[in-house]
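Take the points in order and find each place as you go.

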Amino acid sequence: MTTKKKRTPHSQNDRWVVVAADSAVETPKKDDSDPTFIRLRNPSTDAASLYLLGSGDVQLYEVKAFNEDFHSWFIGQTVQRDGRLLYVTPMDPLYLLLPYLIKAGKEGKFQPVDQVVMDEDFPACTRLLSCTRSQASLYHVAEEKEVGSLKFQRYSQERTMEWLKKKAERTVKTLRKSNISVGEGVKSTTYVRVKQESETQEEDYLRYAHGLISEYISEDLSKALLKHLQLPEHSSPKEVEPPSKKRKLTDKPLEAGEDYTKFNISDFSRKPPKKMSSAQKALAKVDKTGMKSMSAFFSPKGKAENK
Amino acid sequence: MDLGEFEADNSVSCRLASAIPDVCKTEDCCLGIDEAGRGPVLGPMVYGICFCPVAKKEDLKDLKVADSKTLTEAQREDLFRKLDEAKSFVGWALQILSPNTISTSMLQRSKYNLNALSHDAAIGLVQFALDSGVQLKEVFVDTVGPAEKYQEKLSQRFPGVEVTVRPKADSLFPIVSAASICAKVARDHSVKDWNFPEDLGEVDADYGSGYPSDPKTKAWLLKELDPVFGYPQFVRFSWSTTQTLLDSKAVTVHWDDDDEEDGEKAAARQNNTSMLSYFKAGSKTSAQQSNTHQTHRFFTERRLRSLATL
């Protein structure tokens, strides 16, 4: 009911609009920590990304933001300039553990996982190991040895590939169920469909799933997975380009139904005279006698200033 | 004049009309069109029509209707009362275009300017008279924009009716004067006791005439500006007076379509690849692709991004 609205100080980061699973925000049981946002190394970009650990570090969530130009929120009696919508969705912690295992795996030794998962830049990464799925699912990507009560792991590329393949297959199922269009769209113009339609569809789904999973693994793994899934390497845009349009220059006219000979002369590459806009044409016609050239104004000082 | 119907919801356009006199359904009639409140930054624009049998034109003169601008408010009220009392042969109808209608029309994505809005209001009222059974033969209009074009437009729209569009028609033809009185009285009433639908608390009712040049109106606009919402619907947002004030005093708001830059510049800002770039020599885009991580289209199509910080 106030007549004049007070403006709250401009602070961007005190509030967010979030869609999260109930499990992500549920109040902690006794002794458990609160759900917290943490920064961890993104396995795909190798840079920092934001994640959320549920209460007690039991479950990992990734944080994605819907972000489009020209959006703001009206929240209660306030306006929020930031029109983002954050999504907090469950995520398999193994994706984040994998880079550390791979790095340690290069030494070829079996090591306890808590010695492997360490990162100066992101010390919080050790908390990943408390997630319920972490320890139990390491066998998907590593060979394991048990000595007494201690467990040792060594990264295994074969196991990882099998694990990722299963992920891809499950993703395909979900993609089909959610009716997500996976067609190549515009790209398909350079894609020769030799297989039957249904098979091609299957391959489209698998390639799409591979692309999605590649958001969570390193580029090297992504390439290896492509091979493992027996998908042909995606041709880079450069290779896709049709062969050079310049024809071989010959002196003889081409024998073709249509007359292409005008393109077949040696000075084909010569550029046509530059076209002038109507304004430029009009300017060109102006009587320039007695007018200084523009460059005269920028010539070394002296002449103009001394006057 | 009972404006209750408009006041019930003054955010939209509203039509008010008298009963149609029986003679108007049987005898040839003339009709005048005029408007009130075209210029003000506050309040509605009102379109009015008045009609009567051609044979009764002289009776109208006896009422001494004249151009509404030459009359005092009291005289106009008096004349409107007389017109309303002459209901045996005079009918009227009004189209009240709320300030909100004017704002939203002029500021929408495909602009609908004030002249088009005016013409359509006039056409709507003439059509209303025809639909009500008035035997229209002559229509007199005070012009909006070039008179000839407007006359041609109306003549084409209403074949069989003789349309006369003249500047200053309100002082030339009594039937137009009558229409102008109806419009002006309705406008005065609606502005005088504007019913603010917004929850503004104590709002200052001393806003003057509503014309941008009126110092009272200026002062009111300065005082009532809300940094986020701007103004109540009483104010025409499409007026340059309003826009200047909003630009300088209110929070800047960016809209999807207020960026008139086109082509590559806009595309670059939106992180799109311009079509043109594909035809350029040397492939700058493929170089960019190899440097930075390409997010999968599942995410880019849904405008989803990873975050580094909150």
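1. Start with strand 4 and strand 7 of chain A, which pair in the antiparallel sense over 7 bridges. To find your place, look for A:Y61, which stands opposite A:P90 in strand 7 of chain A. Do keep in mind while you look that this is a predicted model.

2. Strand 7 of chain A has another partner as well: strand 1 (residues 18-20) of chain A is joined to it by 3 bridges, and these two run parallel. Here A:V18 has A:L86 as its bridge partner.

3. Two loops in chain A deserve a look for their backbone angles. A:D46 sits in the loop between strand 2 and strand 3, and its phi is near 70°, a positive value in a residue other than glycine. A:D57, in the loop between strand 3 and strand 4, also isn't a glycine, yet has a positive phi of about 55°.

4. Now back to strand 4 of chain A, as it also reaches across to the other chain. With strand 7 (residues 304-306) of chain B, it pairs in the antiparallel sense over 3 bridges. Look for A:F66 there: it stands opposite B:L304.

5. How many residues does each chain bring to the contact? Chain A brings 40 residues and chain B brings 36. Between them the two chains bury about 3200 Å², with 56% of that on carbon and sulfur atoms. On the chain A side, the residues that lose the most area to chain B are A:K64, A:F70 and A:Y208, together 19% of what that side buries.

6. Which salt bridge crosses the interface? The rule finds 1 between chain A and chain B, and it joins the side chains of B:R303 and A:E68, at 3.2 Å from N to O. A:E68 is in the loop between strand 4 and strand 5 (73-75) of chain A, while B:R303 is in the loop between helix 14 (297-301) and strand 7 of chain B. As a general point, side chains of opposite charge can pair when their charged atoms come close. For the whole structure, the search finds 25 salt bridges over all chains.

7. There are also 8 residue pairs in polar contact between chain A and chain B. Elements giving two or more residues to the chain A side include strand 2 (36-41), strand 3 (48-53), helix 6 (197-213) and helix 8 (237-240). Strand 4 gives the most to that side, with 4 residues. Sorted by class, the chain A side has 19 nonpolar, 10 polar and 11 charged residues.

8. Last stop: a hairpin in chain A. Strand 8 (residues 142-147) and strand 9 (residues 150-155) run antiparallel and are joined by 6 bridges. One pair to find is A:K145, which stands opposite A:F152 in strand 9. The hairpin has 2 residues between its strands, and A:G148 in the turn has a positive phi of about 65°.

Terms used: Residues numbered from 1 in each chain as written. Chains lettered and ligands numbered in written order. Predicted model: local features only at pLDDT ≥ 70, side-chain atom pairs only at ≥ 80, totals over all residues. Heavy atoms only, no water. Contact = heavy atoms within 4.5 Å. Buried area = accessible area lost by both parts, 1.4 Å probe. Salt bridge = Lys/Arg side-chain N within 4 Å of Asp/Glu carboxyl O. Polar contact = N/O pair within 3.5 Å; in protein donor to acceptor, adjacent residues only side chain to side chain. Nonpolar A, V, L, I, M, F, W, Y, C, P; charged D, E, K, R; others polar. Pairing = 2+ DSSP bridges.
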